[in-house]
Amino acid sequence: MNKLQKVSLCTAGLLPLAGANAQQASAQPSPERPNVIFIFTDDHAANAISAYNKALTHTPNMDRLAQNGMVFDNCFATNSISTPSRATVLTGKYSHLNGTPVFNEFDGSQQTFPKLLQQAGYTTAMIGKWHLTSDPTGFDHWDIFPGQGLYYDPIMYTAEGGTRYKGGYATNLVTDKAIEFIENAPKDRPFLLMCHHKAPHRPFQPRPDLREKYKDMTFPIPETFWDDYATREAALKDNKMTIADWFTNNDLKLTPPPGLPSDSLAKWLASSPKMLVVDGDTLRGRELIQYKYNRYMQDYLACIEAVDESIGQILDYLEQTGLDKNTVVIYSSDQGFFLGEHGLFDKRYMYEESIRMPFIVMWKGVIQPGTRNHDLVTNVDFAETFLDMAGVDIPEDMQGRSLVPLMKGKTPKDWRKDFYYRYYHDPNEHGTPAHYGVRTERYKLIYFWRLDHWELFDLKKDPNELVNLYGNPKYAKIQKRLTERLYALKKEVKDEDQFAYYTLKSGIVPRDKYAKDMKVVHRNDM
Ligand code: CA
């Protein structure tokens with residue numbers, strides 16, 4: 001029997017534990033069993049953090065984490081969408097094994113890293129955006145937004161029931177509750193705190209003072225903003241996430257015409273203007289698209305500033321109480337996000353901006369301050385990493401690897417050189433076709449299998465992924481090698497169903513209806 005099995009057999013609840021584990025459980029937080037604070041946001045692209053990219057914005061507290069810790073430059077989501085990424089983070093497994101490939105209900109009875117930390121004596125808490133439909137499991141304390149949650153006057157639920165916080169702003173509320181949890185956590189054992197913000201998810205609603213601060217700011221458009229999708233037309237032509245056509249009146253926070261009946265109002269809010277009068281100027285065409293982009297960046301970055309402040313407050317609190325010496329602080333977000341690259345907002349595609357997650361870790365005494373790691377890591381590795389930090393055995397059925405050796409500057413020789421990606425939700429409200437693929441350190445091969453369309457990119461020569469090289473004779477050998485590797489990886493991660501994809505009604509569905517609305521479809525059903 002391994003240590004893990006022993007732990008799970010001897011625990012009915014949190015405590016007491018037997019034998020060696022009881023001793024371990026009552027031990028105070030220490031360098032061997034540090035507190036873990038996992039700050040996680042929704043849809044925060046690495047490009048919108050100055051530790052990754054200085055050209056767009058300034059995030060002093062995220063940078064403070066980076067200066068005191070390590071920045072991972074190549075951290076990726078393996079299914080670039082909120083709920084699946086969260087399920088993968090909790091389980092250390094790909095979507096096809098944790099049962100959450102789309103926005104369906106997470107099966108909370110399965111093994112997760114918070115449960116294992118709880119069983120090993122950690123006090124565990126989940127505060128903020130959960131987004132997995134079922135109630136959290138494996139936590140001593142949880143306090144979550146229902147579904148996407150609200151930025152203003154949010155409602156939060158504990159196991160006892162819901163409370164509306166009138167006048168509250170989501171990011172501040174989560175921060176206050178997170179600090180309150182740390183203050184009240186038992187001092188004789190370490191804690192895990194999942195501090196999960198709703199920001200900067202659509203509809204990008206900033207706190208009023210920050211809206212005011214950003215309202216006249218302008219931002220440079222990205223290099224690929226006017227991408228015409230040549231060589232990638234099949235994959236991109238039906239997408240519904242272009243800023244030009246799909247950034248809505250609601251996203252732009254425009255005031256609706258008075259007196260619209262509710263169905264017309266909903267339609268108006270969901271439509272994207274083709275002409276707009278701003279400060280007396282009539283905007284059309286490219287001018288209007290750039291205006292939309294700028295409004296998008298103002299609100300998106302203002303939402304992020306509130307998160308950055310929150311990180312600052314938590315770091316200040318840790319320093320004032322001396323907890324910074326035995327607390328690991330991690331900042332990440334559930335996937336990347338398009339910030340106008342290829343003319344897009346949103347995520348889902350296997351393109352770089354969508355899959356690249358920020359991942360910054362401060363662990364005093366272990367990580368050398370101000371360092372960067374360039375190895376390929378994914379959200380499948382997070383659970384294993386948190387367990388390893390706490391000295392808890394990593395179950396064999398988890399599919400990733402601990403990042404702790406990388407944090408210590410000792411990347412194992414056999415570290416991965418590529419990873420597998422798969423996106424299932426098709427059709428969906430954003431017109432993204434189902435696809436899977438492999439990304440290596442230099443290349444990326446994507447198969448949009450329902451369209452029988454392949455894409456191959458040389459990321460060294462073409463980091464913006466504008467030139468699809470699939471079928472180019474010069475790349476025939478590489479194409480063959482990558483195709484073989486893709487199917488080998490599929491096998492390795494036990495994704496044996498080549499043709500599964502999922503339909504799911506879009507929009508807000510009551511939590512108990514989610515699972516029923518999901519329908520798995522196989523090629524034979526098409
Ligand atoms: Ca997300």
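This is a predicted model: local features need pLDDT of at least 70, side-chain atom pairs count only at pLDDT 80 or more; totals for chains, interfaces and linings use all residues.
We describe a packed pair by the angle between the axes and the distance between them. As for handedness, the α7 and α12 crossing is right-handed.

Who touches whom? From α7 we have Thr171, Thr175, Ala178, Ile179, Ile182 and Glu183, and they meet Ala306, Val307, Ser310, Gln313, Ile314 and Tyr317 from α12. Sort the residues of that contact by class and you get seven nonpolar, four polar and one charged. If you're looking at the numbering and wondering about the spacing, remember that an α-helix has 3.6 residues a turn, so residues three or four places apart point the same way.

Now, α12 has another partner to look at. Helix α3, residues 60-68, packs with α12 at an angle of about 50°, and here the axes are 7 Å apart. That makes α3 and α12 oblique to each other. On the α3 side the contact residues are Pro60, Asn61, Met62, Arg64 and Leu65, and the α12 residues they meet include Ile304, Val307, Asp308, Glu309 and Ile311. Further along α12, Gly312, Leu315, Asp316 and Glu319 are also met by α3. By class, this contact of α3 with α12 has seven nonpolar, two polar and five charged residues. Keep an eye on Val307, by the way: Val307 is listed in the contact with α7, and Val307 is listed in the contact with α3 too.

Next stop, helix α4, residues 82-91. How many of the residues of α4 are buried? Ten of the ten, so α4 is largely enclosed by the rest of the structure. Among the buried ones are Ser82, Pro84, Arg86, Val89 and Leu90. And what does the covering? The list includes strands β1 (35-41), β4 (123-129) and β8 (191-196), along with helices α5 (95-98), α6 (113-119) and α14 (382-389).

On to the cysteines. Search the whole structure for disulfides and you find zero. Take cysteine 75: the closest cysteine sulfur belongs to cysteine 195, and at 18 Å that is too far for a bond. Cysteine 303 is in no disulfide either, with the sulfur of cysteine 195 being the nearest, 16 Å away. Are these two buried or exposed? Cysteine 75 counts as buried because its relative accessibility is 0%, and cysteine 303 counts as buried at 0% as well.

Let's stay with cysteine 75 for a moment. You'll find cysteine 75 in strand β3, residues 75-76. Setting aside neighbours within four places in sequence, cysteine 75 is in contact with Ile355, Arg356, Met357, Phe359, Val377 and Phe382. Cysteine 75 and glycine 336 are 261 residues apart in sequence, yet C-alpha to C-alpha they are 9.8 Å apart in space.

Last topic: the backbone. Most residues other than glycine have a negative phi, and most peptide bonds are trans. Here are some exceptions. Histidine 131 isn't a glycine, but its phi is positive, about 60°. Histidine 131 sits in the loop between β4 and β5 (141-145), and at 8% relative accessibility histidine 131 counts as buried. Aspartate 153 also has a positive phi, near 50°. You'll see aspartate 153 in the loop between β5 and β6 (155-158), and with a relative accessible area of 24%, aspartate 153 is partly exposed.

Then the peptide bonds. Which kind of bond joins arginine 202 to proline 203? A cis one, with omega near 10°, and proline 203 is placed in the loop between β8 and α8 (208-214). Aspartate 426 and proline 427 are joined by a cis peptide bond too, omega about 0°. That proline 427 is in the loop between β15 (418-423) and β16 (435-440).

One more pair to click on before we stop: aspartate 238 and threonine 432 are 194 residues apart in sequence, and their C-alphas are 7.4 Å apart in space. Aspartate 238 is in the loop between α9 (233-236) and α10 (243-246), and aspartate 238 is partly exposed, with a relative accessible area of 49%.

Key. Residues are numbered from 1 along each chain as its sequence is written. Side-chain values use heavy atoms; hydrogens and water are left out. A crossing is left-handed if the near helix is turned anticlockwise from the far one by less than a right angle, and right-handed if clockwise. Helices (H or I, at least four residues) and strands (E, at least two) are DSSP runs, numbered from the N terminus. Contact means heavy atoms within 4.5 Å. Ala, Val, Leu, Ile, Met, Phe, Trp, Tyr, Cys and Pro count as nonpolar, Asp, Glu, Lys and Arg as charged, and the others, Gly among them, as polar. A disulfide is a pair of cysteine sulfur atoms within 2.5 Å. Buried means under 20% relative accessible area, exposed over 50%, partly exposed in between (1.4 Å probe, protein chains only). Axes are lines fitted to C-alpha atoms, for helices over the stretch in contact, and angles run from 0 to 180 degrees between N-to-C directions. Angles under 35 degrees count as roughly parallel, over 145 as roughly antiparallel, 65 to 115 as roughly perpendicular and the rest as oblique.
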